[in-house]
Amino acid sequence: MTFPAGTFTPAPGRGRTGRMLLVHARTEAVLTLRNGEQVLLTLLIPLALLVGLSLLDVITMPAPRVDSVTPRVFALAIMSSAFTGQAIALGFDRRYGVLKRLAATALPRWLLVAGRVAAALAVVAVQLVVLGAVALALGWSPSAAGLGWTVLLVVLGTLTFGALGVLLGGALKAEVVLALANVIWFVLLLAGGIVLRVDALPGGMAAVVRLLPSGALTEGFTQALVDGVTPSWWVWVTLAVWGAVGGVAAARTTKLV
Amino acid sequence: MSAPAVEVSDLVKRYGSTTAVDGLSLRVERGAVLGLLGPNGAGKTTTVETCEGFLRADSGTVRVLGLDPVADAAALRPRIGVMPQGGGAYPGVRAAEMLDLVAACAANPLDPAWLIDVLGLSGAVKTPYKRLSGGQQQRLSLACALVGRPELVFLDEPTAGMDPQARRLVWDLVAALRADGVSVLLTTHLMEEAEALADRVVIIDHGRVVADGTPGELTAERPDDQRLRFRAKSGMDTALLLAALPEGCRVTEPTAGGYLVTGTVDPQVVSTVTAWCAQQGVLAEELNVGRRSLEDVFLELTGRELRS
């Protein structure tokens, strides 16, 4: 094959920042929403729990049940995509050399992180819109006073779980990440204050679970959406500390491959 | 005068107790194609990744387009194109999505759709990366290296896993890059590839340069190092032939049935060889007198043992 002279004449340069961020975030979000296993984890399991726990009397909950279930399912959805999904995706992206590929382009390092964060927030927004719509269909009546706090909690929860997901997915082998991310997800779902709220746990355990990001996020959503109050200070502090520690550690341990 | 495209001086890179690169120096002039040759494990990829800024030199200096590839990575990366050895895309991404993303990082990218077409990936636009063949993955990786119109491209074994048609396409692309003034550093262990593409060849082994020159210089004949080759049945006793040849000639059988006479090859030597074959009752096939191939040079310098 021949190419006209000048086809490859050098004209290097960095792309526009906004466009780099948009295309990177869009690519990451589309890949997540197209991945069957990710959709199972981020959408189908939370949906099944939302419908199942709302309609079936398996766990004692104040009525209307859907009002108690929805905040927990929101917390689960965020943990599933920002932590477990993010960790697994990052583990395999590293295996496939994606980070190195992108690091070899003009994409600055901070944009590599910003693009993933933006994609995670977009995916969480899709999840919560779908879950919220189904909850409304089941008769969910959230406290209007708590909606603003809910949005803040969604952003903080996504950043916190995202930082922890990057910490896990950025340093270990892909198979190890896959196993650990799923085990941690399962443990936090059952014993981390999501299915069983902190109040329902024995005293000593409740104190520990309050300090977990899963327990704090579930409590925060419940306080905002059920009780219609400003979430307690310890909710914010717990999430912020986990996020900050996770983020700082991830910045030190994350490897390109 | 602008700095050379790549200038590596006394580069040392260790992994634990293993020294992967041991005092290596090389230079790629602007607009030139350098072929970096060596057996597996010779230090080719380590050298390239150090130039790309992914590895930090333990000692020595590396300058790429006049910049330090680690300290000045942010300034350098937009100006270079990188084709890593294997991988380089999300497992579930489609070829066009990946190329669009890399193109979005560049100020004046080539048209991604055109590049997808040129590289013969149009038939696989809906296929996730992990289900592309090895050759298709390589072609996408090459597209990603070129799409940003770089001044300098690093191609780490660009034709590994490609069929002959795709390999020919890559060669045409590298020739076009060179014609348009793009500098290229490519690694390969295909001698034919280096001979066809490179202005200059550096052969390395055990992390050191063992030869550096144009393909013509490296394969140049010395008067007492000419070659006569022929094929015949394998395992013939060449003692009588050696005895009949002038002093200084050597007879070897580097591959089964492939014989090589080295020394001062004159008409008398050719006649002696054919007479000996006639005595043996064998027909000497593919008899030729010629220069060393780059492969001869390579095997002489790096030995014939298999590398793990």
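Let's start with helix α1 of chain B, residues 44–51: seven of its eight residues are buried, so the helix is largely enclosed by the rest of the structure. Keep in mind that this is a predicted model. The buried residues in α1(B) are B:K44, B:T46, B:T47, B:V48, B:E49, B:T50 and B:C51. After the helix comes B:G53, which has a positive phi, near 90°.

Now for the interface with chain A. On the chain B side, 48 residues are in contact with 38 residues of chain A. The area buried between the two chains is about 3600 Å², and carbon and sulfur atoms give 64% of that. Within chain B, the residues that lose the most area to chain A are B:Y90, B:C105 and B:D180, which together make up 19% of what that side buries.

What about charges and polar groups across the interface? The rule finds two salt bridges between chain B and chain A. B:E97 forms a salt bridge with A:R34, where the closest N and O atoms are 2.8 Å apart.

Several elements of chain B give two or more residues to the side that touches chain A, namely β5 (80–83), α3 (95–104), α4 (112–118), α5 and α6 (164–179). Of these, α3(B) gives the most, with six residues. By residue type, the side of chain B that touches chain A divides into 30 nonpolar, seven polar and eleven charged residues.

Next, an arginine worth a look in the viewer. B:R139 sits in helix α5 of chain B, residues 134–146. What does B:R139 touch, leaving aside residues up to four places away in sequence? The list is B:L119, B:G120, B:L121, B:M162 and B:A166. With B:L119 there is a polar approach too: a polar atom of the B:R139 side chain lies 3.0 Å from the backbone oxygen of B:L119.

Is B:R139 buried or exposed? B:R139 is buried, and yet has no salt bridge.

| Pair | Distance |
|---|---|
| B:E97 and A:R34, closest N and O atoms | 2.8 Å |
| B:R139 side-chain polar atom and B:L119 backbone oxygen | 3.0 Å |

Terms used:
Residues are numbered from 1 along each chain as its sequence is written. Chains are lettered from A and ligands numbered from 1 in the order in which they are written. This is a predicted model: local features need pLDDT of at least 70, side-chain atom pairs count only at pLDDT 80 or more; totals for chains, interfaces and linings use all residues. Side-chain values use heavy atoms; hydrogens and water are left out. Helices (H or I, at least four residues) and strands (E, at least two) are DSSP runs, numbered from the N terminus. Buried means under 20% relative accessible area, exposed over 50%, partly exposed in between (1.4 Å probe, protein chains only). Lys and Arg count as positive and Asp and Glu as negative; His and the chain ends are not counted. A salt bridge is a side-chain nitrogen of Lys or Arg within 4 Å of a carboxyl oxygen of Asp or Glu. A polar contact is a pair of N or O atoms within 3.5 Å; within protein, one must be able to donate a hydrogen and the other to accept it, and residues adjacent in sequence count only if both atoms are side-chain atoms. Contact means heavy atoms within 4.5 Å. Buried area is the accessible area (1.4 Å probe) that two parts lose on being put together, summed over both. Ala, Val, Leu, Ile, Met, Phe, Trp, Tyr, Cys and Pro count as nonpolar, Asp, Glu, Lys and Arg as charged, and the others, Gly among them, as polar.
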